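Biologist: I have not seen this structure before. Please take me through its charged pairs and some of its helices.

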Amino acid sequence: MADPLTGAPEEAEFDSTLPSGGALRLLRRRDFRRTYAAVVISELGDSFHYVALMWFALVSAGPLGVLAVRLADSVPALVFGLHGGLVADRSDRRRVMVLADVARGSVLVPIALAGLAGDLQLWMLVVAAFALETATSYFEPAYGALLPTLVDRSNVQAANGLVRASAEALRVGGWAAAAGLLVFMPLSAFFLLNAVSFFVSGALIAGVRAHGTPAVEAAPRIREGLAVLRPHRLLATAVVALAVGVTIGSGAWIVGVPQLVRETLDLGAGSFSAVAAGYALGAVTAGLVLSRLQVPQKARTSLYLWLPYAAAYGLFALAGSLPVAVLAGAVTGAIQAALLILLYSAAQEEIPDAALGRVVGLISLVHRGSHATGLILIAPLFAVFATRTVFWGAAVTLPLVGLLSLAAVGAARARAQH
């Protein structure tokens, strides 16, 4: 019998070039159907939440208020991401997801009540954002590690593509619906809608029959879970590339795109929403394609995907009109979605179940935590350099992330052969 921590999972031995039978067929599986519904419903709630959170933060303290809540919903991933993965490998993964959903919903109820009473303050939003992201740092590894149990390892890419496409489509729908709902309800009610979405998500997951508890004899440790990546050189390199690339890309996007729309194009919030919708449309497209088209070398392909960022951020740098900016947003969204789908799927195919939670937790930490490092390291560049200059910098450095990563993998392989 293979070692449960370092050995290749037996269920991963399949021909990845074979079609998986279509992502929609996976919805015939009861447990996946419930989990899929739970995730997309909570994503819809998040779309309403985002509108309310950003608006209240902006009204309360201007751009600094927005920066405060964005840091608060990024930092917990750096602090709790690895521990969330450890908990996913020690515990009933379904139970972890339910508890995380209940915690997230419970955090939002008092925020909604304070808003409805007209007493919502910035510090409350910061604390709530921190608590929500902390709970998410436990939900994400548990969900990522449970997914192969629900759909089999040969279908994880199709499942990830379907979930991503559906979540992004509902996000756009939520943003569009928000404008109409504000005619009938106060903005603070959006926090309550998101709370309800988390409670519904938790109820759906509670009905999943598969618990996803890994079979391990000793209590797992974080160090052992990270050590399992050593034989998977491509996957480990792709995770490092994600950390560097998302730091650059998120810092450029979060500050640069609103600044481009407002100051360079001299347009308003509606135009920024159009660019965000373009991003989501690109992500939906990538998710749909990858739900049907099986990619055999996922980690390696994810490294090549850093190259088209030259076109994405080059378009932002050249944008003299809204349609060009929307196109740049769509290209960026497609690349980002494809990167994450392939990277998570590579881990879910290659990593043994006993350590999968910790590896997924590491990827989640890198992805979500790099938004904080991007705000800290990259966003201040917009105070020194012109917006287009920073975009040109991203257009050059992001492809270098992929090229240098591929070169490092090649050099390591050459050394191993000698």
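Biologist: How many salt bridges does a search of the whole structure find?

Modeller: Keep in mind that this is a predicted model. Side chains of opposite charge can pair when their charged atoms come close. Searching the whole structure for salt bridges gives a total of 13.

Biologist: Which residue forms a salt bridge with R171, and in which helix is that partner?

Modeller: R171 is in helix 5 (residues 156-181) and is partly exposed, with 24% relative accessibility. The closest N and O atoms of the pair are 3.1 Å apart.

Biologist: Are D101 and R104 buried or exposed?

Modeller: The two side chains meet in a salt bridge, 2.6 Å from N to O. D101 and R104 are 3 residues apart in helix 3 (residues 93-116), which separates them by about one helical turn. Relative accessibility is 0% for D101 and 6% for R104. Buried means under 20%, so D101 is buried and R104 is buried.

Biologist: How many residues apart are K298 and E349?

Modeller: The side chains of K298 and E349 meet in a salt bridge of 2.9 Å, N to O. K298 is in helix 10 (residues 298-304) and E349 in helix 12 (residues 322-350). Both K298 and E349 are buried. The pair links distant parts of the chain, 51 residues apart.

Biologist: Where does helix 13 bend?

Modeller: Helix 13 (residues 353-377) reaches 35 Å from its first C-alpha to its last, close to the 36 Å expected. Of its 25 residues, 20 are buried, so helix 13 is largely enclosed by the rest of the structure. The helix bends by about 30° at S370.

Biologist: Which side chain does a polar contact of 2.8 Å join to Q348?

Modeller: Q348 is in helix 12 and counts as buried, at 1% relative accessibility. Leaving aside residues up to four places away in sequence, Q348 touches G144, L147, P148, R153, V156, N160 and L356. Among them, the residue whose side chain makes the 2.8 Å polar contact with the side chain of Q348 is N160.

Definitions and conventions: Residues numbered from 1 in each chain as written. Predicted model: local features only at pLDDT ≥ 70, side-chain atom pairs only at ≥ 80, totals over all residues. Heavy atoms only, no water. Salt bridge = Lys/Arg side-chain N within 4 Å of Asp/Glu carboxyl O. Helix = DSSP H or I, 4+ residues; strand = E, 2+ residues; numbered from the N terminus. Buried < 20%, exposed > 50% of the residue type's maximum accessible area, 1.4 Å probe, protein only. Expected span 1.5 Å × (residues − 1). Bend = angle between axes of the 7 residues up to and from the residue. Polar contact = N/O pair within 3.5 Å; in protein donor to acceptor, adjacent residues only side chain to side chain. Contact = heavy atoms within 4.5 Å.
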